[in-house]
Structure formats: structure tokens, C-alpha cells
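Hi,

Here is the model I said I would pass on.

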Amino acid sequence: MAINPLFPYPLYLVISEQDCYPQSWLHVAEEAIIGGVDIIQLREKNETPTGFLEKAKKLKQLTDRYGIPLVINDAVDIAIEIEAWGVHVGQNDRQPIAIREKYGHRLQIGWSLEDRTQLDSKQMAAVDHLGVSPIFPTKTKTDTITTWGISGLAELRNLTEKPLIAIGGMNLDTSASAWLSGADSIAVVSAICQSKNPRERSAQLKELLT
Ligand SMILES: Cc1ncc(COP(=O)(O)OP(=O)(O)O)c(N)n1
Ligand SMILES: Cc1ncsc1CCOP(=O)(O)O
Ligand SMILES: [Mg+2]
């Protein structure tokens, strides 16, 4: 089995207006891209559909300008409408097979892995990459099931060739060990969104992933 299959987006920013407050989320996104973020997910859990769509359009303009992929969290219809690169869904969202059946390969599909048995799910046939969720406990998302830890991530690495995104508690102290344990991408919210200097923080994180 090939180790660490290519997912050419080492540093993955998951962003929302709330997680960036009091900074401007769009400014944080641009600074993070300049600093080295390779892919961005818009994750707005408390927005109206109209508000989410407006933000998605603004972020798509930015990511297009810099030529990086945009992922939309949960809202498949918005991802399709703005021609996002991908969508990220979890166990309680629209399921990968249903998305694939409706939209073919218009979206890359990310799926959250919250339990080892989910690797055997038929949904895996429609999944392009996996969010290993969470690696460590985090205040950013508390409705979680398995806290994988670095050892859990390393075990998963031996069980699937799909790209693995490590998420949850990833920061300057934890990202390198997740990377060296076989993650193909390190996803962060607070480490960048709550940094006083998102550009510099992104560059510091990126430096660990080479
Ligand atoms: C890259 C990545 N991995 C996991 C998640 C979590 O998705 P989900 O389980 O659907 O939870 P919410 O983000 O919707 O609260 C993610 N968003 N991104
Ligand atoms: C969206 C999400 N999914 C699993 S953990 C998480 C939040 C990660 O936030 P942080 O990087 O601040 O720990
Ligand atoms: Mg979700």
C-alpha cells in the first residue's frame, strides 16, 4: 500500500466570520493565502442560506484570484452554484453517494471520519478525501465522537490510501507530528483565524509541512 498518497494541499484553512472575529474574515483569508495556505473551506454554521451564498461568492472571487481551491462546508447546493472545487460533508450531512449521483464529478467530496467502522462504509466509493476529525479536542468544534490522536491517525494511514486531512487542535506544536504520521493535509481554524498575524502564522505552519 502506498504511504502518504498525493494531496497537493498541505495547509488547509477552515474559515468563518465568527472564528476570525474581531478580524475581518476575508482579510484573514487573503493574508493566509499570501502566507502559504493551499486550500480554503468556508464553514459558516450560523448563517442564513443567503448570507452563506454571499460569503461564498466573495471568497470564490478571492480564491480564484490566487488560483487556490475553495471547499464549501455542508451546503452542496451553494458549492454547485458558485462552482467550488469541492464540498465537505460529515456523517449527519448529505452523503457522498447521493452527491455523486446528483452532480457527478463536478465537486471533489471530502467526508469526515468519526469512527473506524466508517472506512468500511459503501459511502467510501464516492469519497475523494477524508477529514480525520478531530485529532485533538478543540473548542472550535465540540460535537465530536472519536478523538483520534496521533496514534489513531497513524493507524488510519495504514488502512486507507485516500488522502487524510488532520483536523482539530492543529497548531505550531501539533502539526508536524500529524504530518509525519501520514497526514496529507493539516487543517486549521483557530491557529490562523485567531492569530494576530495570519500571514506570518500561515508561513510558520507551512514551514513545518515540507
Ligand atoms: C477537513 C474537514 N474535516 C472534518 C470536518 C468536520 O465536518 P462535519 O463532521 O460535517 O462537522 P461540521 O464542520 O459540519 O461542523 C470539516 N469541516 N472539515
Ligand atoms: C471543523 C472541525 N472539524 C473537526 S475539528 C474542527 C475544528 C478545528 O478547529 P481548530 O483548528 O481551532 O482546533
Ligand atoms: Mg458538516
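Let me start with helix α5 (residues 96–103), whose buried residues are Pro96, Ile99, Arg100 and Tyr103. Looking down the axis of α5, those buried residues fall within an arc of 95°, so they line one face of the helix. (The arc is taken over the directions from the helix axis to the C-beta atoms.) An α-helix has 3.6 residues a turn, so residues three or four places apart point the same way. Exposed Glu101 and Lys102 sit on the face of α5 turned away from the buried side. Buried here means under 20% relative accessible area and exposed over 50%, with partly exposed in between (1.4 Å probe, protein chains only). Helices (H or I, at least four residues) and strands (E, at least two) are DSSP runs, numbered from the N terminus.

Before going further: this is a predicted model, where local features need pLDDT of at least 70 and side-chain atom pairs count only at pLDDT 80 or more, while totals for chains, interfaces and linings use all residues. Residues are numbered from 1 along each chain as its sequence is written, chains are lettered from A and ligands numbered from 1 in the order in which they are written, and side-chain values use heavy atoms, with hydrogens and water left out.

What do the buried residues of α5 pack against? They pack against α4, β4 and β5, and contact means heavy atoms within 4.5 Å. Just after α5, Gly104 has a positive phi of about 60°.

Pro96 is worth a click. Its relative accessible area is 0%, so Pro96 counts as buried. Apart from neighbours within four places in sequence, Pro96 touches Val89, Ile109, Trp111, Gln123, Ala126 and Val127. Gln123 belongs to the loop between β5 and β6 (129–132) and is buried too, at 12% relative accessible area. A polar atom of the Gln123 side chain lies 2.9 Å from the backbone nitrogen of Ile97. That is a polar contact, a pair of N or O atoms within 3.5 Å; within protein, one must be able to donate a hydrogen and the other to accept it, and residues adjacent in sequence count only if both atoms are side-chain atoms.

Now the strands. In β4 (residues 86–89), Gly86 and His88 point one way and Val87 and Val89 the other, and all are buried. Strand β3 (residues 70–73) pairs with β4 in the parallel sense over three bridges, and Asn73 stands opposite His88. From β3 the chain crosses through helix α4 (residues 76–81) to β4, a right-handed β-α-β crossover. β4 also runs parallel to strand β5 (residues 108–113), joined by four bridges, with Ile109 as the bridge partner of Val87. Together, β4, α5 and β5 form a right-handed β-α-β unit. Two strands pair if DSSP finds at least two bridges between them, and right-handed means that, with the strands pointing away from the viewer, the path from the first strand over the helix to the second runs clockwise.

Finally, which residues come nearest to ligand 1? Of the 15 around it, they are Arg43, Lys45, Asp93, Ser112 and Lys141, where being near takes a heavy atom within 4 Å. Asn73 has a side-chain N or O atom 3.2 Å from a nitrogen atom of the ligand.

Cheers
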